[in-house]
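Please consult the sequence and the coordinates alongside the text.

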Amino acid sequence: MKLILLGAPGAGKGTQAEVISEKYNIPTISTGNIIRAALKNGTQMGLKAKAYIDSGRLVPDDVVIGIIKERLAEDDCQNGFILDGFPRTIPQAEALDSMNVSIDAALSLEVSDREIVKRMSGRRVCEKCGASYHTEYKKPKTEGICDGCGAPLIIRKDDEPDTVLDRLDIYHKQTEPLKSYYKNQGKLITVEGQPKVEDTTKLVLDTLSEI
Ligand code: ADP
Ligand code: ZN
């Protein structure tokens, strides 16, 4: 299965991607995680992206398109993949179409702005592996520590309250138009985010089993 996950920042794309990835045995490709890893490793791409990512703005299209092109060419993507956080603009979606990957569906996780702001304030991420937690909805076994690798959990700079509102604005202006884009291709599926993560997961898996 070749799947795109759409939704506002903090809508829970990453969490759902983990479950889908396991069930269908396909990799998740998160442009956010790839960029953050590059930033941490001090690569040139990371340096170029830093100012954008820290302020919550989108990294230029050519940079992320390059990342995706390289990543999709790898062996593990040949049976399918989940795109988490790409495309985020119409030009990115057009670039993906021109790579001749035939996407099965674009699943949009619908969550209200009010709920997004609430969720983002509690989000914590692992400094080392990038795993995502929440102080209320997805607690680690030990407070402040990653279940997977034992590293400390931190608040991402772009999850600070002011930046979150800017990111939501960017989402509505630049990313939300992708819903019409994929609707016109007959590929859009929408799932309402539920208060409980496992309820959203059930809806997502049920919906995917029908395509
Ligand atoms: P979230 O999980 O909150 O949706 P991500 O980890 O996907 O956020 O992305 C964090 C940041 O990385 C974005 O605010 C943006 O700066 C950059 N980024 C990630 N994916 C893209 C993309 N497809 N296009 C442009 N910028 C991106
Ligand atoms: Zn970790």
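## Zinc site

Cys129 is partly exposed, with a relative accessible area of 46%, whereas Cys126 is buried at 4%. Buried means under 20% relative accessible area, exposed means over 50%, and partly exposed lies in between, for a 1.4 Å probe and protein chains only. Both residues coordinate the zinc ion (ligand 2) through SG, together with the SG atoms of Cys146 and Cys149, at 2.3 Å. Donors are N, O and S atoms within 2.8 Å of the metal (3.2 Å for Na, K and Ca); water is not among the atoms, so sites may look incomplete.

Along the chain, the donors of the zinc ion follow the spacing C-x2-C-x16-C-x2-C. The arrangement is tetrahedral because the four donor atoms subtend angles of 97 to 120 degrees; four donors count as tetrahedral if all angles lie between 85 and 135 degrees.

## Basis of the model

This is a predicted model, in which local features need pLDDT of at least 70 and side-chain atom pairs count only at pLDDT 80 or more, while totals for chains, interfaces and linings use all residues. Residues are numbered from 1 along each chain as its sequence is written, chains are lettered from A and ligands numbered from 1 in the order in which they are written, and side-chain values use heavy atoms, with hydrogens and water left out.

## Surroundings of ligand 1

Ligand 1 is surrounded by 21 residues, of which Thr31, Arg57, Gly85, Arg123 and Arg167 are the closest. A residue is near a molecule if one of its heavy atoms lies within 4 Å of it. The shell divides into seven nonpolar, six polar and eight charged residues. Here Ala, Val, Leu, Ile, Met, Phe, Trp, Tyr, Cys and Pro count as nonpolar, Asp, Glu, Lys and Arg as charged, and the others, Gly among them, as polar. Helix α2 (residues 31-40) gives the most to this shell, with four residues; helices (H or I, at least four residues) and strands (E, at least two) are DSSP runs, numbered from the N terminus.

Polar contacts are pairs of N or O atoms within 3.5 Å; within protein, one must be able to donate a hydrogen and the other to accept it, and residues adjacent in sequence count only if both atoms are side-chain atoms. A nitrogen atom of ligand 1 lies 2.8 Å from a side-chain N or O atom of Thr31, and a nitrogen atom of the ligand is 2.9 Å from such an atom of Gln92. For Lys13, the distance from a side-chain N or O atom to an oxygen atom of ligand 1 is 3.3 Å. Taken alone, ligand 1 exposes 560 Å², and the protein buries 96% of that; accessible areas come from the Shrake-Rupley method with a 1.4 Å probe, and for residues only the protein chains shown count as cover.

Arg167 is buried, with a relative accessible area of 8%, and its side chain reaches the backbone oxygen of Asp158 at 2.8 Å.

## Backbone features

A cis peptide bond, with omega about -5 degrees, joins Phe86 and Pro87. Pro87 belongs to the loop between β3 (81-84) and α5 (90-98).

Asn25, in the loop between α1 (13-24) and β2 (28-30), has a positive phi near 55 degrees and is exposed at 69% relative accessibility. Asn100, in the loop between α5 and β4 (105-110), has a positive phi of about 60 degrees and is exposed at 71%.

Definitions and conventions: Tetrahedral: all angles 85-135°; square planar, octahedral: opposite > 155°, others 65-115°.
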